[in-house]
Amino acid sequence: MLWNVMLIIGLPAIYGSIWLSLILGNEKAQFSWPEKGALSIGLGLGLIILTMFSLDLLHQALTFSSIIFGLSLVSFPALIYLIKQKNYCFSLKEFLPPWPKLANYEWLIIFLISLKSTFVLFSALVKPVVDCDAFQFYAIVAKGIFFDHSFSLPHLQQYIGDKPLLPFLAQGWTFLAQNSTNDSYLKLIPAVMFICLIIVFYAVARRLAAMPIALLFAWMLSTLPFFVYHATTAYADLAISFFYVIGTFYLCLLIREISAKKSAVSFAYILLSAIFLGLTVWAKRAGLVLAGIDLFILLAVVIHYREILVKQDYWRLATGLLVFLLIVLPWLMLGQLGTLTQITKSMITAPAIVQGSTAINPDNGRFLAMISIFGRKLFLYNDWQLAWAGLIIVFAFFWRQILKPPYSFILLIIIIDLLSLFVQFGSGETFRWLLDGTLLDRLLLNQVPIVLFYCLLVIFDSKDSWAENKNRVV
Amino acid sequence: MRKLVLLALTVLLSSQVLAWDQIKIDFVQPPQLPYLVGQPEINIDADEFTTLSLRIKADRSTTARLFWASSYDPQLNEPKSVWFFIKKAPFPKEYVFQLKSQNPYWLGFIGQFALLPDGGSQGIEIISGKAYPTNFLTTIRSGWQEFWGPRGRLVIGSTINTIQSPNLFGRSIYVYVYWLIGGWIIGWLAWQLLRGKNRKTIAKQTFYIVIFFWGLLEISNMYSQYIIQVKEDWKYVGKSQAEKLALANYGDYYPFIAFCEKYLPQNSTFDFRIGGVYNDIKARYYLYPRRQVKLGDFLLVYDAMVEPTIEAAYQPYKTFRARAYIMKKRGL
């Protein structure tokens, strides 16, 4: 079992760490080793997916050895560069004592998070795939990749349709890496993503708040029932949350840093945000909208702070944009440009906009139904615990502060995300999915970690503490 | 002394002591049916007799649904039902339902009950049943049973889309939490504001209260996950992949699939007539790289009817059991 876990997760993590070292460069001291480990896994999985896509595009058979060869080929120059620069992101020193001393209650929180992570791993790995959509769409393509060494065969394309490839390829990689079709392991990647997301959340929160508060919020994230459940399934919803939330976290840090600007903005934050948001597009169709919203907010931030940004900052931001496009364009151009046009079309032709707001007109029954369903799902179901109530408390106590930058920009991400759901559900096609309760919560999975982060940012962060906190690593 | 307190508590908790009146309900097991039927001695006035108590002896733990028929709707259907856990015990256990608060359809005059345990009624026996007006203690017992019941705790098909919250007296537990947080904000914090405390400090205190309730709700989630779900998943521990797949499917479906795997050549095509929810989707997945196409080389039949025109195109090939077999295309 351990060997399979090493192959499925460890190998991508090794390749991911090579690229992470390049991304972090001299900023690596600002990142703790657990954070770097979690990011390496995310980057590695992204690399695997892009490599598999490229190999298939070049009509090369998708096998374990061909993927490793492809990965090694693209990572080799980076590795040589790193050896020359002696700048690998991990160092043995980080793992050696002295370790930080923790209070008993901090140990307790870590224990509770570990317990939940153990539960997620157990629940994911102990049983085979049992959810019908996982069979119907993703796992069968993964079997196709395992047996036929390609995902572009017509009989597999009927399952893929215009869905982004990350979930299919990640599951295909799982079968190839373990050289069997033991589908219990198909849920390993979501379970590991869950743990990585909590680590990154803690690391990002630690830059803003004291350790107990950061730990407490990481624990809160780890307890969201719906989030926990999706970490144990072989669906695509946790994958999109993982990439989008991490990308948005680093974007938030970037926005926060720009607002408290004393030196050039962090290149690492820009690149991490760009890469993870780019991979969001590969995870699920909604990724395109989510990444677009984040980019729109970044543009607004750049315009707002244009006077304090220097030339170097612009170059860095432009490089980030280029990296994002490099990741996204292959999928859009060679994969499904139709996805982009379809989403744009559905947004533009949503009855709310075209027909004089007939769909989400406040006088319309549909609007009231939407408000009612949103309200119940956000506040009365067990999916999100008290996360949305926390946001209301933030609004109640900090209504002046939240309207000021940089808080307003981060709040805008949440609001536009929610509005995009409103517009989407306002259209005739998807309204029934709101009524039958099949989609809303899964889409909200992307917002709730950001809501928690926002609560932490507004309540426990202060502008003065930012500069001194930004280098905290543990 | 301890025994005396326990005895007093038992007596107090016994609904009979404080119940002023009651209507007896007799439950019988109709032959060949998976549920038990209950008939009250007279029709129950739902306004007055708001609580139902069942003493159930069970040789296995399961979930069950209690249905009732009312003068407004004489059908036994899901809206007029409550879902609860039955626990395995060598002696009869009492289950208390304050139905007036748990279900808005406890209305009119109730003339019939049915208890449908999941997995059939074998081993489940209702020793006695009665309806009576509620009192403080039965309200607490019913609420406790309802809160720790299966709603929002068991992993069911729709969990992939939403996770319900446990209910208390027919309302989401969150309603009560919001009232408590609201009460805190209005009371304690207004006092703090009067004392001139900093707004940020007050906000932090409020958020700590949210975290406190978060912790309480998490204890409830931990029960669902660490006790119910782990217990449910424990059956897979130490099993081979084939054994796990057999456990993950109903009846003999996976052994049938394994049988098909044995007799269908790899890369062959098949069509199917398969009964059972999602079993057709699973067949496509499990049998890959054999591909399902219309009128494929083989026809898999599992607890389903085959149209005569389709059947005519195939001949018998291998039989797993009656109503579960493989047919081969004629001339292949």
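Okay, Asp26(B): its relative accessibility is 44%, so Asp26(B) counts as partly exposed. The scale goes like this: buried is under 20% relative accessible area, exposed is over 50%, and partly exposed is in between, with a 1.4 Å probe and protein chains only. Asp26(B) pairs up with Lys24(B) in a salt bridge, their closest N and O atoms 3.4 Å apart. By salt bridge I mean a side-chain nitrogen of Lys or Arg within 4 Å of a carboxyl oxygen of Asp or Glu. Lys24(B) is partly exposed too, at 45%.

Quick housekeeping. This is a predicted model, where local features need pLDDT of at least 70 and side-chain atom pairs count only at pLDDT 80 or more, while totals for chains, interfaces and linings use all residues; pLDDT is the predictor's confidence in each residue, from 0 to 100. Residues are numbered from 1 along each chain as written, chains are lettered from A and ligands numbered from 1 in the order written, and side-chain values use heavy atoms, leaving out hydrogens and water.

Take Lys36(A) and Glu94(A), whose side chains meet at 2.6 Å, N to O. Lys36(A) sits in helix α2 and Glu94(A) in helix α4 of chain A, so the pair ties together parts 58 residues apart in sequence. Helices here are DSSP runs (H or I, at least four residues), strands likewise (E, at least two), numbered from the N terminus. Is Lys36(A) buried or exposed? Buried, at 2%, whereas Glu94(A) is partly exposed at 22%.

Back in chain B, Asp252(B), Asp303(B), Arg321(B) and Arg323(B) are linked in a salt-bridge network.
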